[in-house]
Amino acid sequence: MSPTWHNHTGNQSCNPRDIVRPRSLQELIDLVRRAEKEGTTVRAVGAGHSWSDVALTDGYLVEPDNLSGVDRVDEGALRPDARGRKLVRVLGGTHVHTLNDELDRMGLALANMGGYDAQTISGVVSTSTHGSGLRWGPFPDMVRSLDLVVSGGEALRVEPANGPTDPGAFNEPPCQLVQDDRTFAAAVCGMGTMGLIHSLVLEVREKFWLNEVRTLSSWEEVRDSLTEDGVLGEGDHYELFLNPYPGKDGRHRLLVTRRKDCPEPAGQPQDKLERHPLTEFESSLPITGVLLRLLARRFPSLMARRFDSVLADMEDDGYANVSYKVFNIGEANHLPAYSMELGVALEDDRHLRAVDRILAIAEERRDKDRIYHTSPIALRFVAPSSAYASMMYDRATMMIELIMVDGSRGGYALLEGYEVRLADLGVRPHWGQHNALTPGRASALYPRWDDWIAVERQLNASGVFDSAFTRRVGIP
């Protein structure tokens, strides 16, 4: 009997041929060759934190937890101009929280990250997960080198043409070195379709501290300042948490979060520093998950009426700690929820028009169909990416995260409606979150899609990494 696998929220599941937990590069090579010999497929699932079908398979399903570890890169194998840079090699199954702990011990840190740290590094890179702030791109743009096992069980080290590895010094059989801009720009955000990631080289920075300040405002007040010449160009880690419904004064309340570099806080060790107690208390009540599901299913209007008070409880005049503890939003990560995330360009104020339209649609669906958002909406800002299949490819982007509590009535249909009704603005759905992408739309959204497909055909020549997801989004 086939085993059953499901993601962490249970909204995606599959019955793979087998669940395997490789411990080495050679075991990944052997697995791909075995799958090809048996005429089946292979997919890696990371930590199972995708709400889309990106990881599902009826072939071999790889859980990569045994491929975990972080180390400094051996400078003897680097080009002279790469020596002295802060480069670390990370095994693909390493969880982001483990990576953060190891970097901290080395006196290093990720320059940016999202609000959650339980995913694997291969998962966040392969789906172009991100933090916020227009000085920083998504995770693929931190990668300088990628070790993959591709079709035929071939092991490749893939880098840009000017990648850090010195070709004359490279001698790591069975890996072959491929230094090519197009191959790297395609493979680094590959959604699991170009091979199994054994390890990655990331460029990081020195350990640093952040101070986070959260203030209440409204969409109507901040809207016109959200430009690259305005607040988005000031260099902060800047994001918004927006009530989709207006108050009695017609304004949509929001929480503005700004994070800036600061000196190390004096007087307390970093593991004793905490966010505002109201925020953590409200998020960590043992009954919260059960209660939220009940409210989302039966009384969503009550939840929506509380959004303003929830945002007010999150206001905080300062939380300073080591960077990765400030990036992590805390206990709220454990609430039962799923989401869709849509990336829209800042060009021609498309990001502002997108939010205006979402607010209008939210009111329409509430008034007409009694379908409610069951969470405020998160707005984050990301620099252009060089990865061909990144939602941020070649454009400064606002990512709109539409969050729903698990069990919300009509939740998935509400989200899919946004994707369709914002299509004319060129929104790009996050690969790892709920989406309704079709072949025609996927190819139209990405200017280098044909190049991405050409590399995919090369690295997945046997179809060993195919799945229902690849067929749905038009990866032949």
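**Strand β10 and beyond**

Guide: Strand β10 and strand β11 (residues 176–179) run parallel, joined by 4 bridges. This is a predicted model, where local features need pLDDT of at least 70, side-chain atom pairs count only at pLDDT 80 or more, and totals for chains, interfaces and linings use all residues. Residues are numbered from 1 along each chain as its sequence is written, and side-chain values use heavy atoms, with hydrogens and water left out.

First, the terms. Strands (E, at least two residues) and helices (H or I, at least four) are DSSP runs, numbered from the N terminus. Two strands pair if DSSP finds at least two bridges between them. Strands of a sheet pair through backbone hydrogen bonds, either parallel or antiparallel.

Back to β10, residues 154–159. The strand is mostly covered, with 5 of its 6 residues buried (under 20% relative accessible area, using a 1.4 Å probe and protein chains only). Strand β9 (residues 143–150) pairs with β10 in the antiparallel sense, over 5 bridges. Look at R157. In β10, R157 is the bridge partner of D147. R157 also stands opposite L177 in β11. Now find the turn. The hairpin of β9 and β10 has 3 residues between the strands, and there G152 takes a positive phi near 85°.

Next, another sheet. This open sheet has 8 strands in the order β17-β14-β16-β15-β19-β20-β18-β21, with antiparallel pairing. Its edge strands, β17 (316–322) and β21 (428–429), each pair on one side only. Strand β14 (residues 209–218) pairs with β17 over 5 bridges, in the antiparallel sense. There, L210 stands opposite N321 in β17.

Now the helix. α11 lies across β15 (237–242), β18 (337–345), β19 (377–382) and β20 (397–405), and runs at about 20° to β20. Axes are lines fitted to C-alpha atoms, for helices over the stretch in contact, and angles run from 0 to 180 degrees between N-to-C directions. Helix α11 (residues 350–369) packs with helix α12 (residues 411–421) at an angle of about 140°, their axes 11 Å apart. That makes α11 oblique to α12; angles under 35 degrees count as roughly parallel, over 145 as roughly antiparallel, 65 to 115 as roughly perpendicular and the rest as oblique.

Who touches whom? R357, I358, I361, A362, E364 and R365 in α11 meet A413, L414, Y418 and R421 in α12, contact meaning heavy atoms within 4.5 Å.

Notes:
Buried < 20%, exposed > 50% of the residue type's maximum accessible area, 1.4 Å probe, protein only.
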